[in-house]
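I am opening my notebook on this structure, and I will write down each thing I look up in turn.

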Amino acid sequence: MRGSADILMMDNREQTDQLFALMNRGANVTTPLAVQIRGDYFGKLTDQFGVQWMVTALNELDVIE
């Protein structure tokens with residue numbers, strides 16, 4: 001990955017799936033949304049404008065109410 005990337009942290013997987021689906025129109029998905037080895041739900045893409053995005057859902061154990 002060259003340059004910097006913006007990260008969006010969502011509250012749950014459903015929101016993350018919806019956002020990622022909207023963002024990946026015309027984008028290059030470099031890491032599909034999935035549970036990663038470190039336990040978080042994460043995906044990465046570069047949009048049609050060349051902006052790199054990392055999208056993640058907070059692990060339910062990390063959420064403090």
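How many bridges join S2 to S3, and do these strands run parallel or antiparallel? I looked this up in what is a predicted model, and I found that S2 and S3 run antiparallel and are joined by five bridges. I then picked out Thr31 and noted that its bridge partner in S3 is Lys44.

Next I looked up the sheet as a whole, which is open, has four strands in the order S1-S4-S3-S2, and shows mixed pairing. Strand S1 (5–10) and strand S2 (28–35) are the edge strands, since each of them pairs on one side only. I also noted that neighbouring strands of this sheet are turned against each other by 15 degrees on average, with direction ignored. Helix H1 packs on the sheet and touches S1, S2, S3 and S4, while its direction makes about 160 degrees with that of S4.

I then turned to the largest nonpolar core, and wrote down its eight residues as Met10, Phe20, Met23, Leu33, Tyr41, Leu45, Val55 and Ala57. Two or more residues of this core come from each of helix H1 (13–23), strand S3 (41–46) and strand S4 (52–57). For Met10 I listed contacts beyond four places in sequence, among them Leu19, Val55 and Ala57.

Last, I looked up the rings, and a search of the whole structure gave zero aromatic pairs. I did find Arg13 over the face of Tyr41, at 4.8 Å from the ring centre, and Arg38 over the face of Phe42, at 5.1 Å from the ring centre.

Conventions: Residues are numbered from 1 along each chain as its sequence is written. This is a predicted model: local features need pLDDT of at least 70, side-chain atom pairs count only at pLDDT 80 or more; totals for chains, interfaces and linings use all residues. Side-chain values use heavy atoms; hydrogens and water are left out. A nonpolar core is a set of buried Ala, Val, Leu, Ile, Met, Phe, Trp, Tyr and Cys residues joined through side-chain atoms within 4.5 Å. Buried means under 20% relative accessible area, exposed over 50%, partly exposed in between (1.4 Å probe, protein chains only). Contact means heavy atoms within 4.5 Å. Rings of Phe, Tyr and Trp (its six-membered ring) pair if their centres lie within 6.5 Å; planes under 30 degrees apart count as stacked, over 60 as edge-to-face and the rest as tilted. A charge sits over a ring if NZ of Lys or CZ of Arg is within 6 Å of the ring centre and within 35 degrees of the ring normal. Two strands pair if DSSP finds at least two bridges between them. Axes are lines fitted to C-alpha atoms, for helices over the stretch in contact, and angles run from 0 to 180 degrees between N-to-C directions.
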